[in-house]
Amino acid sequence: MTAIKHALQRDIFTPNDERLLSIVNVCKAGKKKRNCFLCATVTTERPVQVNVVKVKKSDKGDFYKRQTAWALRDLAVVDAKDAVKESPEFDLHFDKVYKWVASSTVEKNTFISCIWKLNQRYLRKKIDFINVSSQLLEESVPSGENQSVAGGDEEAVDEYQELNAREEQDIEIMMEGCEYAIANAEAFAEKLSRELQVLDGANIQSIMASEKQVNILMKLLDEALKEVDQIELKLSSYEEMLQSVKEQMDQISESNHLIHLSNTNNVKLLSEIEFLVNHMDLAKGHIKALQEGDLTSSRGIEACTNAADALLQCMNVALRPGHDMLHAVKQQQQRFSDLREQFARRLASHLNSVFVQQGHDQSSTLAQHSAELTLPNHHPFHRDLLRYAKLMEWLKNTDYGKYEGLTKNYMDYLSRLYEREIKDFFEVAKIKMTGTTREGKKFATLPRKESAVKQETESLHGSSGKLTGSTSSLNKLSVQSSGNRRSQSSSLLDMGNMSASDLDVADRTKFDKIFEQVLSELEPLCLAEQDFISKFFKLQQHQSTSGTTMNEAEEMDGVALSRSHTSGVPQTVSSEKDMIRQMMTKIFRCIEPELNNLIALGDKIDSFNSLYMLVKMSHHVWTAQNVDPASFLSTTLGNVLVTVKRNFDKCISNQMKQMDEVKISKKSKVGILPFVAEFEEFAALAESIFKNAERRGDLDKAYIKLIRAVFDSVEKVANESQKTPRDVVMMENFHHIFATLSRLKISCLEPEKKEAKQKYTDHLQSYVIYSLGQPLEKLNHFFEGVEARVAQGIREEEVSYQLAFNKQELRKVIKEYPGKEVKKGLDNLYKKVDKHLCEEENLLQVVWHSMQDEFIRQYKHFEGLIARCYPGSGITMEFTIQDILDYCSSIAQSH
């Protein structure tokens, strides 16, 4: 390897001014072994450049040639593959990864070590050496080994160290003094040796001369020590003098501290006294106002309010630790407590008297409202009491027992007052609804139907048996003719141009206005009282997601105010919103029963009134819930709305039940069934009432139930009818239902409207076919035989050769039906149809026109058979289609 190294240095690197430092024999990993050499070189010129050169043996001879060179600064990673096990493989990461396999592990390690040293010396860049043993990576080259960079090589480059400026200057001076040194180095060395000997002699002489100086210095030190001893003696005497002065100053300082402490205590004592005087001293004017203040005038109330606030501030002052142990403080607190008790007692007594006085004034105004449908206005009463709102808040914070007592007294008194007012108010409303005086006498009213008058005297579940209560135009369940119904209705009327229906509408409109006025009077009354309670008793109104029923409120009424009489607010207090609701429930406990009674009366007068009440009550409940869903008004109206909804459902159920129980007359034709006409009346009324109403969904559900019941009942009556054909009953009634639904345009009943139309069309066609039958019976039988022969396979033009169906037989049958006989048959048919149909629905001409079309269809069918089966025979009917049209027209006009 040494010979190869010298050869490479001589032939390849010396001509390029490079010096070879390390060499390793390698081949590429994974390929056919073709050996080459990796060489680590440095340039001889500065700046030094370090390269890794790949040298390969030439194929044409034994000489080596330079193949590839990489700069060491481009090397990123040296991977030795394994730091523990010996492996000849290693990788060099330049622009790409080069994988090599060395001829021996020693050569590989020597080469990697050389690369690391060159990097440390020349580049100082970060080359990653991975999987390399730490022994190969030396931190620095030993100082005494300047002879080799590549591990013991004799031709390694010596380390070069530059001279600093001082060394260069000294060498220049020395060279100037020895110009011959360049020519004669030995003479120069001898001169330097002689000068060195002279310097050594001078050093020895200076050391010997310095001994005298040391002796002199020692003497001076001894004298200095003596002076120090004298100074220490003086300092000791001074310290003894200062000790006495220190003791005197300590005594003065302690005396000053005591004086300062005394002054501090005096300041603190003055501050405490000022605090107690400023915060626990009540002005004489306030004391006089609390003891003797006028609680009737506005100025006196204001003075008492200010005095009460000042007293509360004095009582609630935050005393500092130890203040409560002072006798004066205890005495002042007791005085404040006495003043509070005295004023609280005086205030409660005065407010109770105010409640009573206001009650007398309010009762005196009841007489003027007794005959009017209005409730007395409590605004003046509330306005006068609100002057005491701040005093009530003070009483609530200082003496909850008296505050609670006033609350109970207010509820007890107001509940009796409101009960009288509300009962009188509802009594007036009932009188206006029924048209009677309190003594039971009738007001002068328009005559009403007999059933309506009877309905007023019957109970809510009376036995009138009508579909719609007093509003029905029929007063019996039996089906009667339209003429009979009209005669009965007219016999019940006493006035010329006013019908029973007009009277019903007037009564319902009157009831609707009265009921709306009742709700409109109650709503502001409750809201005003609730607002007053929250302001006067200082209760905050909060929103709540759950309401309280009347029964729950009454159960809580006995517990809500049963607290012990203490000076402060109890620990367990229900929320203020519950307190307001409980007070309102106690004060207005008569509203819900009175409303239910009024609703029952309205339902008894006319079951259709439940529609008005459902719409009005729903609107007021919706309005109250928008204001406060948990308020007393919202809860009460919600409970009453449940009752109204039950009455509405009961009204619908009664109508359906009456449909099931309907009976028809066996002696008269049916016509339009009463419940069909009454459904029309109900729907028209309901549409006018529920226009833009909140509870439209309830009406739609009722519509579905009623219309299905109407359909079923029509089917039932049609099946049971003996006087009138089934198809006529179905046709007329479903035509009426279809016309009603088309006129009212009820969106939820669109499927039923289509069904009614379909039923009407089907039964019209069925009745026409059944009634018309076969007016040309013999001719019809003849052609049925013809069609039977054709069906058996005989050609149509050969039918005339059949004995029973020849031309002579056909002419014989046709002669039996001259025009005169045909017209007579049609006239009898018209009379028969006229007996079946009712005048109210006016379907006679529709049916007659359908029969005409059906007869013409049969005529055309016969003519077609004659033309096909008897061609060229010249046989025709004795009457034409135009004759049929003339017969039908003249018959219709004659009747």
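Predicted model: local features only at pLDDT ≥ 70, side-chain atom pairs only at ≥ 80, totals over all residues.
**Lys753.** Lys753 sits in helix 23. Leaving out residues up to four places away in sequence, I get Phe738, Leu741 and Ser742 as what Lys753 touches.

**Helix 26.** Next I looked up what packs around helix 26. Its buried residues lie against helix 22 (726-744), helix 23 (750-772), helix 27 (844-869) and helix 28 (881-894). Helix 23 is the one that holds Lys753. On the helix 26 side, the buried set is Gly819, Val822, Leu826, Asp827, Leu829, Tyr830, Val833 and His836. I remind myself that an α-helix has 3.6 residues a turn, so residues three or four places apart point the same way.

**Whole chain.** The chain has 895 residues, and 42% of them are buried. I count 28 helices and ten strands. For contacts between residues at least 6 apart in sequence, 70% join residues at least 24 apart. Accessible surface comes to about 50100 Å², with 51% of that belonging to carbon and sulfur atoms.

**Cores.** Which residues have the most contacts inside the largest nonpolar core? I get Tyr410, Val518, Leu779 and Val847, in a core of 177 residues. Helix 11 (residues 400-434) gives the largest share of this core, 15 residues. Apart from it there is another core, of 29 residues, including Cys114, Trp116, Leu118 and Phe129. General background for my notes: in soluble globular proteins, nonpolar side chains tend to be buried together.

I followed up on Val518. Skipping residues up to four places away in sequence, Val518 touches Leu373, Phe425, Phe426, Ala429, Leu595 and Leu598.

**Salt bridges.** I find 29 of them in the structure. The background is simple enough: side chains of opposite charge can pair when their charged atoms come close.

- Asp11 and Arg10 meet through their side chains at 3.3 Å, N to O. Asp11 has 46% relative accessibility and counts as partly exposed, while Arg10, at 54%, counts as exposed.
- Glu341 pairs with Arg340, the closest N and O atoms being 3.2 Å apart. Arg340 is at 11% relative accessibility, so I list it as buried; Glu341, at 27%, is partly exposed. Both belong to a network of salt bridges that also links Asp399 and Lys402.
- Glu796 and Arg868 meet at 3.4 Å, N to O. What does this pair tie together? Glu796 is in the loop between helix 24 (777-791) and helix 25 (807-815), and Arg868 is in helix 27, so the bridge joins parts that are 72 residues apart in sequence. Both count as partly exposed, with Glu796 at 28% relative accessibility and Arg868 at 40%. I also see helix 27 listed among the helices that the buried residues of helix 26 pack against.

How values were computed
Residues numbered from 1 in each chain as written. Heavy atoms only, no water. Core = buried A, V, L, I, M, F, W, Y, C linked by side-chain atoms within 4.5 Å. Buried < 20%, exposed > 50% of the residue type's maximum accessible area, 1.4 Å probe, protein only. Helix = DSSP H or I, 4+ residues; strand = E, 2+ residues; numbered from the N terminus. Contact = heavy atoms within 4.5 Å. Areas by Shrake-Rupley, 256 points an atom, 1.4 Å probe, with all protein chains shown as cover. Salt bridge = Lys/Arg side-chain N within 4 Å of Asp/Glu carboxyl O.
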